Every structure is written in structure tokens, then in C-alpha cells.
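User: I am new to this structure. Please show me how to read its features.

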Amino acid sequence: MVKSVLLCPGQGAQFVGMGRDVAEQFAAARTVFQAVDEALGFGLSQVMWEGPEAELTLTHNAQPAILAHSLAVHAVVRPALDPVLAAGHSLGEYSAYSTAGCLALADAARLVRRRGELMLAAGEARTGTMTAVLGLNAAEVEAICRESSVDGSVVVAANINAPDQTVLSGDPDAVERAGARCKQAGAKRVLPLKVSGAFHSPLMQPAALGLQTVLDSVELAEPAFPIVANVTAELVSDAATARANLGAQLTSPVNWVASMQCAARASGDSVRFLEIGPGKVLSGLLKRIVPGAEPQSLGSARDITGFMEALG
């Protein structure tokens, strides 16, 4: 059994064809994709595997698609793992709680589908945007956000992804002001993101209220192992705290740097960091946050086969 920390990716990791090879090669993965399709009442897996890309990218499709891919991979490798803890980036936190048995698969799929719908609706009601800032430390970015939030327009540091990578979120004019000031302060790049709203900012408050109602109706079990919460960057070991943090998450920053530092401290030595699901973004961020970390990405059938063969 491999002592491991599970990392679950968030929105933006989706791509047409995601998870198809895993489903073709592993029965346990096929079972997960089928269960998600049944829970949602339509063929999400077909959208994942065949597109079109524009449909897959829609927030309410991308979120359950990434969750399905992560949990399909987990279903395959789970017998070989002894998880110490798990963490997920934004949407990925739902995947993390599912790996720990806190959220049942069908409930998780319906919950993140609804989460995506609420986020999309909030973005349509009040236009917001997000921009990535590279090459400037988070404290400087947060100060600039405070200076740039004027006349009712808000911008916040929404994702603190790496020591030198922070994502801004808020009203378009405030985000533009903050981005320009970040450039003046020495940021290497300021990149607008293609999103449908100002996620992890106060603009998501209507979505957060709707999501809390849904969360309150879903049964959460006590997690089998701790989850690092985005909101607090602290370990969560009980269902009540999980419910509260997931509700607060939509309007709060994703404290990924502090979360990974917490995971590294809590997991100790001889533990493998495994990114389960599409992409390798979290593995790349971990290397920049935790010196000497050697994460492994398990997103494809080839990745999984190599991992299992190496275990003997």
C-alpha cells in the first residue's frame, strides 16, 4: 500500500477526450463514468470524449467532467493506496471529499453540476472577470487589489496558486485597474482568463447562498482521512466543517500555497503526492511551493499502468 497525498484538479483542466482511454482500459473507471451519467440524467461522458469543446467548457459541464475523471482514476488505483490526506483546487475539493468517502459519487456529481449552474447564473447577473498575475508575490497583489477596489467595484486575490502566481477576480474595471498596477509593480505577465464570472470573489455571493441550500440537503459522512480546505488551508476531519467550508469557498480565496505547505507538513516523509484526474497543473504548482517535492500525475491509462507496474 502506497502512503499518499491525493491532489484533485480544478476547472480549466478539462479537454475533449478526457478519461476515455481510462474507461476503455479499466472496468472500475467505466463504472464511475456510467454512474455520473445516470446521476445527471444525460451522457456527460459523451461530451467529455467527443465534445464539442465549447459545450464541455461550460462551467456546469466542466465541473462534473473533471470530478468524474478524478474519481474514475481513483477507483482504479484505490486498492493500492493508503491515503494520508487529500486536497483539491476549488472544484477539486469536492473530488477530494469524495475520495475520502465524505460525499457519495451521485451526490457529488449532482452537487458540482448545480454549483456550476449557480456560478454561471451569478456571472450572468453581474459580469465579472479573472486575470492571472505572474512574477509578483501575493502580498503585493493583495495590497494592489485593496487599492483598486473603489466606487463599488471590487477586485480580490482569488487564487494564490504559487509564490509568484496569483489570480485576480472581480468587476471588470477593478480587475483592469489592478492588472495595470501589477504591471507597474513589476509583474512579468498579466493574462486575462476565459471565465464566465468572478469566481472566488464577493460577486459569487448569490451563487454561494444557493449552493449552501443544496449543501444542507446532501448527506455528508465523516471523511476517512483529512482534507485540506481551500478556505482555511487547514485539515478538515469532520463533515460539519466540510459543509461549512464548501459553502464559504465560492466567495473566498483558494489558498493553494498555504494548503500545499500544510499538506507537506502533515504528511511527513516517504509519502507520494499523486495528482488524480486531467492535467498536470497541480503537480507543477507543488514543485514550486514545496522544495524537493516529486509529485506524480495519474490522468491517462498509460500513467496508471506505469504506476501500477512500478508497484510490482
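Analyst: Strand β4 (residues 155–162) runs antiparallel to β5, and 6 bridges join the two. Strands pair if DSSP finds at least two bridges between them. Strands (E, at least two residues) and helices (H or I, at least four) are DSSP runs, numbered from the N terminus. This is a predicted model: local features need pLDDT of at least 70, side-chain atom pairs count only at pLDDT 80 or more, and totals for chains, interfaces and linings use all residues. Residues are numbered from 1 along each chain as its sequence is written, and side-chain values use heavy atoms, leaving out hydrogens and water.

User: How many residues lie between β4 and β5 in their hairpin?

Analyst: The hairpin has 2 residues between its strands. V156 stands opposite S169 in β5.

User: Which other strand pairs with β5?

Analyst: Strand β3 (residues 129–134) does, antiparallel, over 6 bridges. There T131 stands opposite L168.

User: Is β5 mostly covered or uncovered?

Analyst: Buried means under 20% relative accessible area, exposed over 50%, partly exposed in between (1.4 Å probe, protein chains only). In β5 (residues 165–170), 6 of 6 residues are buried. Q165, V167 and S169 point one way, and T166, L168 and G170 the other.

User: What about helix α6?

Analyst: Helix α6 (residues 92–99) is mostly covered, with 8 of its 8 residues buried. Among them are E93 and Y97. Just after α6, G101 takes a positive phi of about 75 degrees.
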